[in-house]
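Let's take a walk through this one together. Have a look at the sequence and the model first, and then we'll pick out a few spots.

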Amino acid sequence: MTDPDFFQALSLSLQVASLSLLFLLPLGVPLAWTFAFRTFPGKRLLETLFLLPLVLPPTVLGFYLLLLLGPEGPVQRHLGLSWAFRLEGLVVASVLFNLPFALTAYREAFLALDRTLLDTARTLGAGPWKLWRRLVLPLTWPGLLSGSLLAFAHTLGEFGVVLMVGGAIPGKTQTVSIYIYDLVQALKFEEATRASGMLFLLSFLLLYLGRSLEARWRAWRSTTG
């Protein structure tokens, strides 16, 4: 694979995935903790709203984001920012589209915690920060990391959402999945095969690493539980 356009598109996808993860962690972890342990009016409605991208067609989400982030959208009118067809728009779209995947994995990691252990630590005077630093994070970090890797890998394969929000501008908003689509449209099947193989291998390695971390974590929990 020597096509510089491929590496440019892959570099953009990796950049979008990395930036998205920086927002997913501080957004998804508190939300997952809240959904795992808190009860409040409207909780089910809020959960449904955040999980909606799991079943909503990506083009529908992308269309609404295009209206929101476009030149005539409310973000432009009220904040003076037009993020459609820009890196910022790709990151916003990726965060919203991948939040359900990260949120589900993070919540499962928290639900696996022993509630009695948490209650005992609070009884002994552990404050929220100490509880997280000494107990929650050491017990849940493999699950959190696994969910983050899943969201990262999923971002690399995004197509509908990023196409709607960013278009397919080479060197600017053309992610690797759109690059492969453009190759197929141009009947360049040999190049598309090589690019698809590279993306397949990278996605496989990320998913395998995430599943391996999760398996080790579950094995450790079963021996220490």
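Is Phe101 buried, partly exposed or exposed? Phe101 is partly exposed, with a relative accessible area of 22%; buried means under 20%, exposed over 50%, and partly exposed in between, using a 1.4 Å probe and protein chains only. A quick word on the ground rules: this is a predicted model, where local features need pLDDT of at least 70, side-chain atom pairs count only at pLDDT 80 or more, and totals for chains, interfaces and linings use all residues. Residues are numbered from 1 along each chain as its sequence is written, and side-chain values use heavy atoms, with hydrogens and water left out.

Now for the rings. The structure holds 11 aromatic pairs (rings of Phe, Tyr and Trp, the last by its six-membered ring, with centres within 6.5 Å; planes under 30 degrees apart are stacked, over 60 edge-to-face, the rest tilted). One of them joins Trp33 and Phe110 edge-to-face, 5.2 Å centre to centre with 85 degrees between the planes. Trp33 sits in helix 1 (residues 4-37) and Phe110 in helix 5, so this pair ties together parts 77 residues apart in sequence. Helices here are DSSP runs (H or I, at least four residues), numbered from the N terminus. Trp33 is buried at 9%, and Phe110 is buried at 0%.

Last, the loops. Phe85, between helix 4 (74-79) and helix 5 (87-111), has a positive phi of about 60 degrees although it isn't a glycine.

Conventions
Helices (H or I, at least four residues) and strands (E, at least two) are DSSP runs, numbered from the N terminus.
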